[in-house]
Amino acid sequence: AGTPLPLPREELTVDLTYRDDVASALLTAGRGLLREPAAWRDRRFAASGFRHTVREVVAPFEAVAGRELRKQWGEWKIPARHIAVPWNGPRLPGWTPDVLLAEGLRRTLAGDSHAD
């Protein structure tokens, strides 16, 4: 609508995982738990390893959307309990994310509502 968009500071780092990849990770983890419960107990898997600054997310978003946003950098206040550095532990065994940032943005803007 052309309304200015409050954004956090440009250099804020995020680790993004597309929803289809999250669903795939959950299925992989569930299968692992069913096969070898002891080996999979107390493990946490949440990060894709695809790290981007907010600026690196906004630029391809604008390209995919075909329009420039009216950005207000630094106007979205980061919560006090914000995690400054995304977790960077081992990936889920047997799982690799497939959807890169630009493709995930394209799918999201297209309104894809189902996992492939």
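This report describes the helices of a predicted model and selected residues around them.

**Helix 1**

Helix 1 covers residues 19-35, a run of 17 residues. From its first C-alpha to its last it reaches 24 Å, close to the 24 Å expected at 1.5 Å a residue. Six positions are named as buried in helix 1: Asp20, Asp21, Ala25, Thr28, Ala29 and Gly32. The cover over these buried residues includes helix 2 (37-40) and helix 4 (101-110).

Val22 also belongs to helix 1. Its relative accessibility is 37%, and Val22 therefore counts as partly exposed, the limits of that class being 20% and 50%. Val22 and Val64 are 42 residues apart along the chain, and their C-alpha atoms are separated by 22 Å.

After helix 3 comes Gly66, which has a positive phi near 75°.

Strand 3 (residues 51-53) contains His52. With a relative accessible area of 18%, His52 is buried, because the class requires a value under 20%. Leaving out residues up to four places away in sequence, His52 touches Leu12, Thr13, Val14, Val57 and Leu101.

**The contact of helix 3 with helix 4**

The axes of helix 3 (residues 54-65) and helix 4 come within 9 Å and cross at roughly 50°. The two helices are therefore oblique to each other, and helix 3 passes helix 4 in a right-handed crossing. Helix 3 contributes Glu56, Val57, Pro60, Phe61, Val64 and Ala65 to the contact, while helix 4 contributes Leu101, Ala102, Leu105, Arg106 and Leu109. By class, the residues of this contact comprise nine nonpolar and two charged, with no polar residue.

Pro60 is a residue of helix 3. Beyond residues up to four places away in sequence, Pro60 touches Leu101 and Leu105. Pro60 and Ala102 are 42 residues apart in sequence, and the distance between their C-alpha atoms is 6.1 Å.

With residues up to four places away in sequence not counted, Leu101 touches Leu16, His52, Glu56, Val57 and Pro60. Of these partners, Glu56, Val57 and Pro60 are listed for helix 3 in the contact between the two helices, and His52 is found in strand 3.

**The loop between strand 4 and helix 4**

Glu75 is located in the loop between strand 4 and helix 4. At 46% relative accessibility, Glu75 counts as partly exposed. Its contacts, leaving aside neighbours within four places in sequence, are with Pro6 and Leu7. Glu75 and Pro8 are 67 residues apart in sequence, with a C-alpha to C-alpha distance of 6.0 Å.

**Separations in sequence and in space**

| Pair | Separation in sequence | C-alpha to C-alpha distance |
|---|---|---|
| Pro60 and Ala102 | 42 residues | 6.1 Å |
| Val22 and Val64 | 42 residues | 22 Å |
| Leu101 and Pro8 | 93 residues | 19 Å |
| Glu75 and Pro8 | 67 residues | 6.0 Å |

A sequence separation of 42 residues goes with 6.1 Å for Pro60 and Ala102, and with 22 Å for Val22 and Val64.

Definitions and conventions
Residues numbered from 1 in each chain as written. Predicted model: local features only at pLDDT ≥ 70, side-chain atom pairs only at ≥ 80, totals over all residues. Heavy atoms only, no water. Helix = DSSP H or I, 4+ residues; strand = E, 2+ residues; numbered from the N terminus. Expected span 1.5 Å × (residues − 1). Buried < 20%, exposed > 50% of the residue type's maximum accessible area, 1.4 Å probe, protein only. Contact = heavy atoms within 4.5 Å. Axes fitted to C-alpha atoms, helices over the stretch in contact; angles between N-to-C directions. Parallel < 35°, antiparallel > 145°, perpendicular 65-115°, else oblique. Left-handed = near helix turned anticlockwise from the far one by under 90°. Nonpolar A, V, L, I, M, F, W, Y, C, P; charged D, E, K, R; others polar.
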